[in-house]
Amino acid sequence: MNNPILCVKDLEKTFQVRTGMFGKQGIIHAVNHVSLELARGETLGLVGESGCGKSSLGRTILKVYEPDSGTILFDGNDITTLSREQMRPYRKRMQMIFQDPYASLNPRFTIGEMIAEPMKIYNIGSADERAERVKALLKTVGLRPDHSTRYPHEFSGGQRQRIGIARALSLDPDFMVCDEPISALDVSIQAQIVNLLEEIQAKRNISYLFIAHDITMVQHISHRIGVMYMGSLVEVGNADEICNDPLHPYTKALISAVPRPDPRKERERTVLKLPGETPSPLNLPAGCPFSLRCRYASKRCREEMPQLRQVSGRTVACHLVS
Ligand code: SF4
């Protein structure tokens, strides 16, 4: 990829936790040697079950969590070990929107104050200029300029997500982590927010890492999709190819669970049930992390971790796929 806005190599993030009655220490491998690239103006959808490390990956890329190892290049600059202060110019260009925008909106502030706050922190413009920009941002996200004097509780879930997007846009970012931004919304509102994010991307050439637990939520908006399982990326490729011709056994199972709009295809659909339980992130199996639930698992799978490699125009981590 030429001149990507984001290039992540071999990124690792672990968390130490205390477990059991005796508070024994354990280590959760939330992000397990993940590598990915994101082009300017591109959306990479990131899917996988709850707890597979998607949000941890997004937060580690933004350096909300400090990575244990690996590198993060943002616009060609290595930001991996930068301090809070050194991150300041980059943080402005890297924003995040959340699943529950209400939790990130201070109920005592007006919408206008909240959208203007990041600009205030970065000393951008006078108070009047910021107020004008707030009004323009409200229009961009499909709200009215006079909404700036209202409070968060006066808005619906979809409107609050629009406010969260306006706030994230206030510093004119190049990259946004969208962490399950539509999961909590009604289906009809989900499409509106996805369309809004697409319009914004077309106008501003922003790159999105779009996180969702359901592949149908990312299919429409994503140029490429990455599938995560237990902290590892197991398959990355063009969104249509991933959805129509998945290669990794875990991706196949995810796709098989998605109902088809075409009645004939829906009749032919067979849901691939995964045996067993998701392993504890505290106790991952040796070898392939999916080996405990994979019907094709062999001795090699249980001993040797498959690495991501190029197969038929996409990258996949499975010993079986060739
Ligand atoms: Fe299944 Fe083996 Fe492939 Fe892992 S490496 S997904 S266990 S076939």
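Start with the lining of the second largest pocket in this predicted model: by class, the lining has 12 nonpolar, 10 polar and 5 charged residues. The volume of the second largest pocket is about 500 Å³. To centre the view, select Ser35, Leu233, Val236, Leu308 and Thr315, which of the 27 lining residues are the closest to the pocket's centre. Then show the strands around the second largest pocket: S2 (24–38), S10 (232–238), S11 (309–311) and S12 (314–316) each give at least two residues to the lining.

Next, move to the largest pocket, with a volume of about 830 Å³. Select Arg91, Met94, Gln95, Tyr122 and Arg167; among the 29 lining residues, these are the closest to the centre of the largest pocket. Colour the lining of the largest pocket by class and the count is 14 nonpolar, 5 polar and 10 charged.

Arg88 lies over the face of the Tyr122 ring, 4.5 Å from the ring centre.

Now turn to the aromatic pairs, of which the structure holds 6. Select Phe15 and Tyr65: the ring centres are 5.1 Å apart and the planes stand at 85°, so this pair is edge-to-face. Phe15 is in strand S1 (residues 6–19), while Tyr65 is in the loop between helix H1 (54–61) and strand S4 (69–74); the pair links distant parts of the chain, 50 residues apart.

Go on to Tyr229 and Phe290, an edge-to-face pair with 5.0 Å from centre to centre and 85° between the planes. Tyr229 sits in strand S9 (residues 224–229) and Phe290 in the loop between helix H11 (263–268) and helix H12 (299–303), so this pair ties together parts that are 61 residues apart in sequence.

For the last stop, select Phe74, Tyr90 and Phe175. Ring pairs link these residues into a cluster.

Note on methods
Residues numbered from 1 in each chain as written. Predicted model: local features only at pLDDT ≥ 70, side-chain atom pairs only at ≥ 80, totals over all residues. Heavy atoms only, no water. Phe/Tyr/Trp six-rings, centres within 6.5 Å; stacked < 30°, edge-to-face > 60°. Helix = DSSP H or I, 4+ residues; strand = E, 2+ residues; numbered from the N terminus. Lys NZ or Arg CZ within 6 Å of the ring centre and 35° of its normal. 1 Å grid on protein atoms, 1.4 Å probe; cavity = no way out; pocket = protein on both sides within 12 Å on 5 of 7 lines; lining within 4 Å. Points joined across faces, edges and corners; volume = space filled by probe spheres on them. Nonpolar A, V, L, I, M, F, W, Y, C, P; charged D, E, K, R; others polar.
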